[in-house]
Amino acid sequence: MGGRTMNHLHSSSAPALRRLLDLLASGAATEDFADVLADARRQGAPAAVLSEIDDATWQALRVHRTMRQHRRREAELTALFDTAGDLAASRDLDAVLQAIVRRARMLLGTDTAYLTLPDEAAGDTYMRVTDGSVSVLFQTLRLSLGDGLGGLVAQTARPYATPDYRADERFHHTGSIDAGVLDEGLVAIIGVPLLLGGRVIGVLFAADRSPRAFSPDEVALLCTLAAHAAIALDTAKSLADTRAALTELNSANELIRAHAAAVQRAERGHDRLTDLVLRGAEVPDVAAAVAALLGGEIAVLDAEGEPLAGRAAAPGTGLAEAAAASRAEGRSVRHGEAWVCAVLAGQEQLGTLVLRGRPDLDDADRRLFERASVVTALLLLLRRSVAETENRVRGELLADLLTAPDRDPAGLTARGRRLGVDLGRPHLVLVAEPGDARDTGARSRLAGAAGRYLFGSRGISAEHGEAVVLLVPDADGGAGEGDAAQRAAGQAAERLARLAGFPVTVGAGRPAAGPVALAAAYTEGLRCVRALRVLGRSGEGASARALGFLGVLLGDGHDVAGFVGATLGPLLEYDARRGTELVRTLRAYFDCGGSLTRAKDELHVHVNTVVQRLDRVEVLLGRDWNDPERSLELQLALRLQLLSGP
């Protein structure tokens with residue numbers, strides 16, 4: 001009897017199950033799956049059959065969502081690989097930007113896509129590339145800085161989307177922009193910034209001629225394409241800067257050669273210095289050569305007075321004042337028994353040359369000493385340019401390391417080895433934040449200060465999130481974890497503040513080796529920075545361990561995991577056992593203020609699915625899960641779980 005009942009049950013649900021399979025095979029919309037259960041209810045199907053169809057619908061939706069995600073990711077990855085290939089193979093900036101805009105339009109399925117760049121000479125922005133546009137007025141549109149959706153994106157350095165441009169009051173409308181948008185017939189528009197070193201250098205847009213809401217995945221994809229466009233623009237600028245630098249270097253050499261003809265000794269000195277530069281000599285080599293030519297002792301100090309070659313000046317000797325006088329006069333100056341010459345690149349002082357042992361200098365020797373400062377400036381500029389380029393490439397490695405350390409640890413380690421960074425050896429991860437972490441300008445200046453701080457070392461740095469992350473070799477080799485991290489954090493906070501010109505808060509994770517461990521150390525350093533801010537210790541540096549009980553709480557010895565397990569344990573176990581997303585659904589529900597409609601948009605599922613999941617949450621956690629006191633506890637646990645990582 002039971003067998004006949006079961007056979008009857010399966011036969012009753014079979015048409016619905018076949019219909020679900022047909023929907024999966026045809027790639028139907030998500031909403032169509034809910035119609036299967038609704039039709040079965042209207043046909044008076046038994047409760048057991050409805051339950052089976054409900055379970056099958058839920059499973060079919062999971063498969064449908066997975067297939068859709070795979071198809072979308074495959075298309076996105078293909079486009080991104082193609083774009084990366086364009087960047088590697090092409091020197092034609094217009095062709096690369098056109099390909100990026102075309103792919104943005106294709107992947108987002110919009111009617112148009114376009115890219116705007118600032119015109120510094122005119123003080124506005126203009127349409128650089130368009131795809132799918134039919135309006136000449138729109139294609140030739142010029143926008144004043146700060147106007148329209150693009151102005152909002154450029155000012156905030158954040159992506160913005162509007163389902164109806166003409167009715168959106170978040171940004172400043174102008175007659176010319178609205179006329180161009182109307183002539184093109186655009187309604188829904190999304191714009192993302194092209195970021196380079198925290199600076200917005202353009203805006204990439206995608207737009208539809210009908211109302212549309214853009215999903216977070218679409219925003220993220222457009223941001224990735226915008227990053228490719230920024231790289232293309234930066235590459236073109238780097239090539240132009242390199243040509244200009246070579247031209248400037250050639251001009252400087254010509255100038256040196258013309259002046260060297262005045263005196264034979266100056267000519268020999270010039271030839272010697274030029275030979276050193278062409279052979280790739282370093283600053284100490286130049287200092288030694290000049291000391292030999294002038295018969296004295298040469299010291300080269302950096303902008304902060306630290307020796308790059310020779311011995312440092314004694315404190316309180318007035319060397320800084322002498323260097324300032326040399327900078328003002330544009331010549332070397334007498335300083336007691338020594339001579340001082342500022343090493344300048346334009347108006348920027350890169351360092352100071354000090355000549356001892358030659359209290360008297362004739363004009364020829366003085367010119368030779370001053371020429372040495374020019375050569376030193378060229379070497380320092382070249383060295384800094386090379387270091388910035390290397391740090392940019394290494395910074396990409398650091399960003400990948402912090403973003404997805406467990407995706408390919410061996411690959412990250414191999415990349416680091418090729419770049420001269422051995423991730424297998426102990427390193428310290430320092431997380432530095434300016435006084436106002438939301439100030440992108442301050443963060444950009446801090447990033448530059450970090451590059452100067454690491455100049456000449458084996459460390460690397462990169463902007464990540466709202467902070468600047470520094471990866472420096474651990475001089476202690478992993479011994480004395482707390483002391484090494486505490487010393488490094490304190491020194492970095494003091495030096496970075498001096499270089500950046502504002503207070504800098506630095507948190508240090510424990511010494512670690514390997515991509516996964518280094519990423520964990522970054523998390524610990526980030527929490528340490530937040531703890532310092534909460535404690536009112538902004539502008540200081542510390543390690544989590546040095547913070548005492550707070551350090552233990554933020555490190556591995558805390559009981560946050562116990563609290564999270566006790567509060568969310570049933571949901572975590574259910575998700576792990578059945579592959580569901582109850583924890584994610586609950587987080588989205590709270591983040592959306594308890595709105596089922598906003599939560600289903602956030603999760604990209606049907607609202608019935610959200611209701612079913614929350615019903616399951618109630619079964620697992622109890623009927624009072626949404627009461628104020630209990631929900632506060634759940635939200636705290638969800639936030640701690642999010643901050644603590646997987």
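Which strand is the place of Thr352? Thr352 sits in E11, a strand covering residues 348–356. Helices (H or I, at least four residues) and strands (E, at least two) are DSSP runs numbered from the N terminus.

A quick word on the ground rules. This is a predicted model, where local features need pLDDT of at least 70, side-chain atom pairs count only at pLDDT 80 or more, and totals for chains, interfaces and linings use all residues. Residues are numbered from 1 along each chain as its sequence is written, and side-chain values use heavy atoms, with hydrogens and water left out.

Back to Thr352: its relative accessible area is 6%, so Thr352 is buried (under 20% relative accessible area; exposed is over 50%, partly exposed in between, with a 1.4 Å probe and protein chains only). Setting aside neighbours within four places in sequence, Thr352 is in contact (heavy atoms within 4.5 Å) with Ala299, Val300, Leu301, Ala323, Val340, Cys341 and Val343.

Zooming out, the protein chain has 22 helices and 16 strands. Of its 646 residues, 43% are buried. Take the contacts between residues at least 6 apart in sequence, and 61% of them join residues at least 24 apart.

Helix H16 runs over residues 515–534. Its 20 residues reach 29 Å from first C-alpha to last, close to the 28 Å expected at 1.5 Å a residue (1.5 Å times one less than the number of residues). Just after H16 comes Gly536, with a positive phi of about 75°.

Now for some helix packing. Axes here are lines fitted to C-alpha atoms, for helices over the stretch in contact, and angles run from 0 to 180 degrees between N-to-C directions.

| Helix pair | Angle | Axis distance |
|---|---|---|
| H19 (residues 582–591) and H20 (residues 596–603) | roughly 130° | within 8 Å |
| H20 and H21 (residues 607–621) | about 105° | 9 Å |

H20 is therefore roughly perpendicular to H21, whereas H19 and H20 are oblique to each other. Angles under 35 degrees count as roughly parallel, over 145 as roughly antiparallel, 65 to 115 as roughly perpendicular and the rest as oblique.

On the H19 side, Arg584, Thr585, Ala588, Tyr589 and Asp591 make the contact with Leu596, Arg598, Ala599, Glu602 and Leu603 of H20. For H20 with H21, Leu596, Ala599, Lys600 and Leu603 meet Val607, Val610, Val611, Arg613 and Leu614.
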